[in-house]
Amino acid sequence: MPQTAPRAGTWQGSRPRWWSELPLIAVVYAAYSAGRLLARGDVSTAVDHGLALLHFEQRLNLDFETPLNDLFTAHAWIGIPADFAYASLHYVVTPAILAWLWKRRRAADYRLLRTWLLISTLIGLIGFTLMPTCPPRLLEASHGFVDTMAQYSSYGWWGGEASAPRGLGGLTNQYAAMPSLHVGWALWCGVVLWRHGRSVWAKAIGVLYPLSIAVVVMGTANHYFLDAAAGAAVMGVGLLLARPALRLAGLIRARLGAARRPDEAAGTTTAAAPGTGTATAGTAAAGTASATAANGTSNLNVASNVSDKCETAARERERIPRQQGRDADGSRSGDSGGREAGAAARSGRGGETATAGEGAAAAAR
């Protein structure tokens, strides 16, 4: 069976089309945003989770968010750029690198990295649902944290409710802090730049960008250190699941393709049915012609043998003069029968040729 080359745009190693990629990414991001809203949970539960994380960090001296928040609050030249970075880079840098991967890198690399990002995002959504967490900036003032987004809100487009634009704070879930996908997405960007960036600057940014975002989310009091660590862990799990997810997607595509092929084959058979009779008739006619030709060839050989016998008999009669007169009529009959048999074989009269040949042989004897 001939092998058909895959068409451009199919699964076998070709670059995904943008009109199929954009809806996929949009659906996952919409599910992520909607899930954050639906996973608000109970405020008291979220506060309890936040205090539990803070007390655990304090026992282990891991509460890096406390000195960083003091620094960002005391120095506006640090706090204001940090607020801008928190409110924008998360939504700008990640899509830009994803588009760059789609445009410039191999299709296999893009699929793996895109799948890694999407799976990690969905895992983070599960974390928001199972463990709503109050960020440090929403704890009571006695814990020593200041909301820098509210402190410097006059410099940007955000209000006092996370990084949402003024008046749209109700469209975000302020308790979706564990894990920190700000850190997770930044880590993804850093790995991509380090792995696929060609310049030293790209690799340097790949190292500095996730580290800077981790400092920003803690200094602005939007996340605990453990939130940032959990964001990195989620990306690690997503990376482990990316290749199995791609294999599963390929298996599903293959099964769907195999399910479609019998239907297409049935349609092809049905379309060819009216011509089947013609083909059969043509095949039968060809077979009849072949059989006739074969029969004619066989009879021609028989006629040749008969003619040879008749010529042999004539030579013997020359050696025996007494038999020449007696067998003259028979010889002429044999020669005539042989010639008629050969002519009949050449004209395709198989049955008559055989009869003439037998008669000639009998007359010769």
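Start with helix α4 (residues 76-104) and helix α7 (residues 181-196), whose axes come within 10 Å and cross at roughly 35°. Axes here are lines fitted to C-alpha atoms over the stretch in contact, with angles running from 0 to 180 degrees between N-to-C directions; helices are DSSP runs of H or I with at least four residues, numbered from the N terminus. This is a predicted model, in which local features need pLDDT of at least 70 and side-chain atom pairs count only at pLDDT 80 or more, while totals for chains, interfaces and linings use all residues. Residues are numbered from 1 along each chain as its sequence is written, and side-chain values use heavy atoms, leaving out hydrogens and water.

Look along the crossing: it is left-handed, meaning that the near helix is turned anticlockwise from the far one by less than a right angle.

Next, select the contact residues (heavy atoms within 4.5 Å). From α4 take Tyr-86, His-90, Tyr-91, Val-93, Thr-94, Ile-97, Leu-98, Trp-100 and Leu-101; from α7 take Leu-181, His-182, Trp-185, Trp-188, Cys-189, Val-192, Leu-193 and His-196.

Stay on Cys-189, which is buried at a relative accessible area of 0%. Buried means under 20% relative accessible area and exposed over 50%, with partly exposed in between (1.4 Å probe, protein chains only). Then select Cys-134, also buried, at 1% relative accessibility. With a disulfide taken as a pair of cysteine sulfur atoms within 2.5 Å, the count is zero.

Finish at helix α3 (residues 65-74), where Glu-65, Leu-68, Asn-69 and Phe-72 are buried. They lie on the same side of α3, because they cover an arc of only 100° around the axis, taken from the directions from the helix axis to the C-beta atoms. Turn to the other side of α3 for Pro-67 and Ala-74, which are exposed.

Notes. Helices (H or I, at least four residues) and strands (E, at least two) are DSSP runs, numbered from the N terminus.
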